[in-house]
Amino acid sequence: MRLCFLVEEQYRHDGMPVEVIRRLTAWGHQVDVLRPGSSLVPVSEAVRAGSHDAWVLKTVSGGPGLTLLEAAAAVGLTTVNDARAIRAVRDKALAAAIGRSRGLPVPLTYAAARWGTLAEIPAAEFPLVVKPAHGSSGRGVHLVPTPERLREMAADRPDEGLLIAQPYVPNGGTDLKVYSVAGELYATERQSPLHPDRTPRERRVELPREVAAIAERVGEVYGLDLYGLDVLLGPDGPVVVDVNDFPSFRQVPDAAARVARAVLRLARGGGPASAPTAPADVRVPAQIPVTAGEDR
């Protein structure tokens, strides 16, 4: 198969997707790598019907890669994940609205273009968690305890694009991260960005049945195949506080091979039941072959 990976500079040396690309190459598939954030991309030549069996996106939220993926989808190419699904979850305000409307346990969510506007949120909703609507990897996430503290923070912060605010969900200081690899679910426990003073060891954990059902429903609601969700085990049950496409899959056993197989299944239009078998004795190359858009 011929695949095209859109990889942002931030993930140039990241195991996900670098090891996935190496594995696919070792299995005999052609993988082209485009870096939309740092290279000139010949769009009219790269994005055309029949150019690849599938395009795969691993870029930062708000980066230019999603536009290229949407262009590929527009000319009839298969994308992993679906380009419309990625757009829906990368806008956290949109994702919250979709999730709550479809019955997912998503917190009440406010959106505002300015920090100062968030001061209109009723005091009873505090403490609040405030974060960028297009943020990722826990960057820019703030726990705001009171309306007074919010006004103080608003006074010295420039406008940073759309923000969302959600009532804080009391929890034990850890996030439950659930990964879905085309229907296969895995769970890890990790430190919450809101509680840096607590340092639980990141580890795989058993996935509670209730959370597994929510994770499966997340894939259905947003139309995702490779995704992760952050879940807090609050006093009223599990709460989904974030959904992201093509996450790190940390602590997933043999993650690169599992994700590579999933990419192939999805590129062929198959479901999670028809996993292909990779040769057991292939040698994974040290370098990734690249084409248009790669720095040489």
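At what angle do helix H3 and helix H4 pack, and how far apart are their axes? I took this up first in the notebook. The model is predicted.

**Entry: the helix pair**

I looked up H3, residues 65–74, and H4, residues 83–90. They pack at an angle of about 150°. Their axes lie 9 Å apart. Angles over 145 degrees count as roughly antiparallel, so H3 is roughly antiparallel to H4. I noted the handedness as well: H3 passes H4 in a left-handed crossing.

Next I listed the residues that meet. From H3 I have Leu-66, Thr-67, Leu-69, Glu-70 and Ala-73. From H4 I have Ala-83, Ile-86, Arg-87 and Arg-90. By class, I recorded five nonpolar, one polar and three charged residues in this contact.

**Entry: Ser-180**

I moved on to strand S9, residues 174–181, where Ser-180 is found. Is Ser-180 buried or exposed? Its relative accessible area is 2%. Buried means under 20%, so Ser-180 is buried.

I then checked what Ser-180 touches, leaving out residues up to four places away in sequence. The list reads Leu-185, Asp-225, Leu-226, Tyr-227 and Phe-249.

**Entry: the whole chain**

I counted eight helices and 13 strands in the protein chain. The chain has 296 residues, and buried residues make up 50% of them. I looked at contacts with a separation of 6 or more: residues 24 or more positions apart account for 66% of these. Last, I noted the surface. The protein chain exposes about 13700 Å². Carbon and sulfur atoms supply 49% of that area.

Notes. Residues numbered from 1 in each chain as written. Predicted model: local features only at pLDDT ≥ 70, side-chain atom pairs only at ≥ 80, totals over all residues. Heavy atoms only, no water. Helix = DSSP H or I, 4+ residues; strand = E, 2+ residues; numbered from the N terminus. Buried < 20%, exposed > 50% of the residue type's maximum accessible area, 1.4 Å probe, protein only. Contact = heavy atoms within 4.5 Å. Areas by Shrake-Rupley, 256 points an atom, 1.4 Å probe, with all protein chains shown as cover. Axes fitted to C-alpha atoms, helices over the stretch in contact; angles between N-to-C directions. Parallel < 35°, antiparallel > 145°, perpendicular 65-115°, else oblique. Left-handed = near helix turned anticlockwise from the far one by under 90°. Nonpolar A, V, L, I, M, F, W, Y, C, P; charged D, E, K, R; others polar.
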